[in-house]
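The following questions and answers concern the structure shown here. They proceed from the ligand surroundings to helix packing and then to individual residues.

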Amino acid sequence: MHTTDALSYDYSVAKCFLFAAILFGIVGMLLGVVIAFQMFLPNLVSGFLGLLGLESALGEYLTFGRLRILHTSGVIFGFMLSGIFATWYYVGQRVLKVSMSESPFLMVIGKLHFWLYMILMTLAVVSLFLGISGGKEYAELQWPLDILVVVVWVLWGVGIFGLIGIRREKALYISLWYYIAVFLGIAMLYLFNNMAIPTALVSGYGKWYHAVSMYSGANDAMVQWWYGHNAVAFVFTVGIIAQLYYFLPKESGQAVYSYKLSLFSFWGLMFIYLWAGGHHLIYQAVPDWVQTMGSIFSVILILPSWGSAINILLTMKGEWGQVKSNVLVKFMILASTFYMFSTLEGPILSVKSVNALAHFTDWIPGHVHDGTLGWVGFMTMASLYHMIPRMFKRELHSKKLMETQLWLQTLGIVLFFTSMWVAGITQGMMWRATDEFGVLTHSFVDTSTVLMPYYAIRAVGGTLYLLGFFLFAYNIIKTVRGGRVLDKEPQNASPVAA
Ligand code: HEM
Ligand code: HEM
């Protein structure tokens with residue numbers, strides 16, 4: 001088989017992960033919208049269940065606490081990771097100039113990777129619904145599922161290095177460095193953070209799936225946020241930059257602006273991110289030097305972060321007209337802009353005096369969602385949009401729908417983060433306000449009720465984003481089912497029907 005012919009690559013695994021990303025995106029974001037409404041209508045779900053006579057049977061499973069974990073796990077480990085896997089199985093073959101189908105072993109590994117991942121996600125959803133959680137944020141799964149995570153991850157690693165092993169292209173393109181970094185970074189962090197002792201095995205007591213962390217107290221907190229922050233680094237950032245470096249040049253037909261800048265940003269990101277996790281523990285019961293180090297490294301982190309973003313923006317030098325004419329380029333440039341935005345906001349939040357105001361307030365979920373919705377969500381959807389005509393050999397269904405989606409979602413993001421900024425700063429100021437005798441001016445209830453209008457605005461913003469995601473799913477399904485058949489692969493910009 002002539003494998004350097006673009007149409008002969010094997011996309012079966014990439015397609016499976018693409019549909020998984022859409023499925024988990026819908027479920028995860030729908031849950032996000034439900035919990036956003038619950039924040040100002042706390043009886044919304046229980047009232048609805050009451051009408052159906054199901055409150056006593058289901059009420060426990062649909063509380064904010066349960067649904068929040070399902071939202072974060074669904075969007076991060078369901079939507080985003082599936083997006084990273086889907087793009088890897090597409091990009092990997094193309095930059096290495098080798099088809100997966102040339103190795104029956106790699107095909108089996110790829111399929112096993114997908115199916116075990118689906119089994120893992122199903123078990124994760126069921127266990128989290130049942131309230132089975134280790135209690136560490138973004139690392140809630142209990143030890144039997146942690147072991148399955150390791151198996152799934154190792155399979156992905158075998159796939160990555162196996163494909164690199166049989167490659168035709170000697171040079172490793174920039175995106176590959178980033179995919180390899182996602183694999184190695186998460187492997188190391190996940191293993192360390194989830195070291196735990198199954199209680200039933202050592203003491204004979206407790207549920208069989210229960211375990212206690214190997215670390216205790218302040219050490220546990222430090223390991224948790226070393227992991228937690230770097231989950232942000234290696235999943236929310238590194239995996240998405242991998243996509244940006246491949247898909248923007250492909251979509252625009254422009255070469256990456258500077259290879260040197262990409263090297264500088266890559267190694268800068270790798271080195272600096274690993275020391276920044278302490279910014280989650282400012283003014284907590286951990287050593288002062290850990291907090292200061294976290295704060296300083298976070299401020300320095302702006303350099304490699306903006307290095308990547310500027311490199312990407314300069315890639316469009318002389319071709320800015322495409323931002324107007326090509327919706328996918330617009331999606332990607334907006335994604336890079338949101339990346340610059342959240343990586344400016346992050347260092348500001350890491351300054352001790354700012355964090356003293358912002359920590360525990362709604363400013364933090366505001367920061368989280370300008371990054372995740374604007375940067376991660378936009379870039380993931382744009383990458384999948386780019387891949388579809390090439391994988392299914394069909395013209396994208398509708399450009400108008402893409403454009404409508406883009407503006408609906410941009411408006412949604414703006415409503416989300418602006419409302420959370422105002423809410424967070426209001427909350428922080430009210431918590432610290434004292435009268436002339438040093439007595440707190442506001443009761444905690446006052447500080448909560450004053451936020452209700454902002455929670456309502458956030459819920460509206462989230463709903464707009466979700467509606468946009470439905471348009472995305474619809475556009476893709478219409479393309480796959482009935483898009484005009486293409487006889488050859490589009491070279492740069494994706495062809496669209498209308
Ligand atoms: C230079 C880069 C960044 C820095 C220095 C930074 C810094 C911070 C700080 C200081 C916090 C608040 C900690 C607290 O007081 O609770 C935070 C929270 C968070 N950030 Fe960032 N951030 C950066 C980029 C990003 C990006 C690009 C994303 C997502 C795409 C992101 C996602 C998050 C998440 C999910 C949390 C919440 C963690 C939690 O408490 O559960 N960050 N970040
Ligand atoms: C329709 C869109 C979405 C809505 C309405 C939404 C809503 C919410 C709400 C209400 C919370 C709880 C905040 C709190 O506890 O105060 C939350 C938390 C979170 N969401 Fe979303 N979300 C959406 C999409 C996403 C996406 C796409 C991602 C990631 C790719 C994401 C990642 C997170 C994370 C990491 C947290 C935890 C933040 C923290 O601990 O500070 N969300 N979301």
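Q: How many residues surround ligand 2?
A: This is a predicted model, in which local features need pLDDT of at least 70, side-chain atom pairs count only at pLDDT 80 or more, and totals for chains, interfaces and linings use all residues. Residues are numbered from 1 along each chain as its sequence is written, while chains are lettered from A and ligands numbered from 1 in the order in which they are written. A residue is near a molecule if its C-beta atom, placed from the backbone, lies within 6 Å of it. The closest to ligand 2 are Met29, Gly32, Val75, Thr372 and Gly462, and the residues surrounding this ligand number 24.

Q: Which element gives the most to the shell around ligand 2?
A: Helices are DSSP runs (H or I, at least four residues), numbered from the N terminus. Two or more residues of the shell around ligand 2 come from each of helix 1 (12–38), helix 4 (64–96), helix 16 (363–392) and helix 19 (452–482). The most, eight residues, is given by helix 16.

Q: How many residues of the shell around ligand 2 are nonpolar?
A: Ala, Val, Leu, Ile, Met, Phe, Trp, Tyr, Cys and Pro count as nonpolar, Asp, Glu, Lys and Arg as charged, and the others, Gly among them, as polar. By these classes, seven residues of the shell around ligand 2 are polar and one is charged. The nonpolar residues number 16.

Q: Which helix supplies the largest share of the shell around ligand 1?
A: Around ligand 1 there are 26 residues, of which Ser298, Gly346, Leu349, His359 and Gly371 come nearest. Helix 9 (217–252), helix 12 (302–315), helix 14 (327–350) and helix 16 each give two or more residues to this shell. By class, the shell around ligand 1 has 14 polar, 11 nonpolar and one charged residues. Its largest share, seven residues, comes from helix 16.

Q: Are helix 1 and helix 5 roughly parallel or roughly antiparallel to each other?
A: Axes are lines fitted to C-alpha atoms, for helices over the stretch in contact, and angles run from 0 to 180 degrees between N-to-C directions. Helix 1 and helix 5 (residues 104–129) pack with their axes 9 Å apart, at an angle of about 20 degrees. Angles under 35 degrees count as roughly parallel, over 145 as roughly antiparallel, 65 to 115 as roughly perpendicular and the rest as oblique. Helix 1 and helix 5 are therefore roughly parallel.

Q: Which residues of helix 5 meet helix 1?
A: Two residues are in contact if their C-beta atoms, placed from the backbone, lie within 7 Å. From helix 1, the residues involved are Val13, Cys16, Phe17 and Ala20. The contact of helix 1 with helix 5 has six nonpolar, one polar and one charged residues. On the side of helix 5, the residues are Gly110, Lys111, Phe114 and Met118.

Q: How many nonpolar residues are in the contact of helix 16 with helix 19?
A: Helix 16 and helix 19 pack at about 10 degrees, with axes 10 Å apart, and are therefore roughly parallel. Helix 16 contributes Leu373, Met381, Ile388 and Phe392, while helix 19 contributes Tyr465, Phe472, Ile476, Thr479 and Val480. With one polar and no charged residues, the nonpolar count is eight.

Q: What is the relative direction of helix 4 and helix 5, roughly parallel or roughly antiparallel?
A: The axes of helix 4 and helix 5 are 10 Å apart, and the angle is about 175 degrees. Because of that angle, helix 4 and helix 5 are roughly antiparallel.

Q: What is the phi of Lys97?
A: Most residues other than glycine have a negative phi. Lys97 lies in the loop between helix 4 and helix 5. Although Lys97 is not a glycine, its phi is positive, at about 55 degrees.

Q: Where does Tyr138 lie?
A: Tyr138 is not a glycine, yet has a positive phi of about 65 degrees. Tyr138 is partly exposed, with 18 other C-beta atoms within 10 Å. Its place is the loop between helix 5 and helix 6 (143–165).

Conventions. A residue is buried if 20 or more other C-beta atoms lie within 10 Å of its own, exposed if 12 or fewer, and partly exposed in between; C-beta atoms are placed from the backbone.
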